[in-house]
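Please open the model in your viewer and keep the selection panel at hand.

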Amino acid sequence: MTRPVVAAFDLDGTLSKHDTLVPFLRRAVGARRVVASLARSAPLLLRARADRALRDAAKEALLVGTVAGRAEAELRAVGRAFAPTVALRDEVVAHLRRHQAAGHQTVIVSASPTLYVEALAARLGVDAVVSTELEVVGGLLTGRYVGRNCRADEKLRRLVEWLDDRDVELHAYGNRPDDDDMLGRADVAVAV
């Protein structure tokens, strides 16, 4: 008996041609606010290149500086408008479509915020999303993570949690060292 297949796709640089966070933030809060937040977190960003904790803190600082105090519902609406503008890699979308046509379950596993990853997944007909969750208090975003940023080992941990001990044949698609843990766990790994 064959195991069911799950195909897990990274978003930024794998399904999409480019990073999606900054373009989403520009659309959500305007370029001026994004640039101001980047400028405030520049010292942290410069030190963050090789240090995971600093990289995650720099991203969280950017999110706090841009989306804190904004209504979750408003930014989800922005995400729905943003999703159709994301430039996708045709060759990777073709892999996704082959999995879907074969009846395989598909999931996007991303460090990008669920706020817009869910809208992109809906656009693509993807079954599930495992991504970075942002804290919401009283309907307003704080910009802080719920748990950890969904990248590297956290990406794999959350994917395994989502799989919930199901015995599946895992196909994984990724493009960066942050995807290596997920690719290493896969039965079929595709480096994009």
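Buried denotes under 20% relative accessible area, exposed over 50%, and partly exposed in between, with a 1.4 Å probe and protein chains only. Helices (H or I, at least four residues) and strands (E, at least two) are DSSP runs numbered from the N terminus. The model is predicted: local features need pLDDT of at least 70, side-chain atom pairs count only at pLDDT 80 or more, and totals for chains, interfaces and linings use all residues. Residues are numbered from 1 along each chain as its sequence is written, and side-chain values use heavy atoms, without hydrogens and water.

Select helix α9, residues 153-163, where E154, K155, L156, R158, L159 and L163 are buried. These buried residues pack against β1, α5 (52-67), β2, β3, β6 and α10 (180-185), contact being heavy atoms within 4.5 Å. Just after α9, D164 adopts a positive phi of about 55°.

Next, display the strands. Five of them form an open sheet with parallel pairing, in the order β3-β2-β1-β6-β7; two strands pair if DSSP finds at least two bridges between them. β3 (128-132) and β7 (188-191) each have a single partner strand, so one side of each lacks a neighbour in the sheet.

Then select β1 (residues 5-9) and β6 (residues 169-174), parallel strands joined by five bridges. Here V5 stands opposite E169 in β6.

Finally, centre on H171 in strand β6. Is this residue, H171, buried or exposed? H171 counts as buried because its relative accessibility is 12%. Leaving aside residues up to four places away in sequence, H171 touches V5, V6, A7, A8, H99, A186 and V188.
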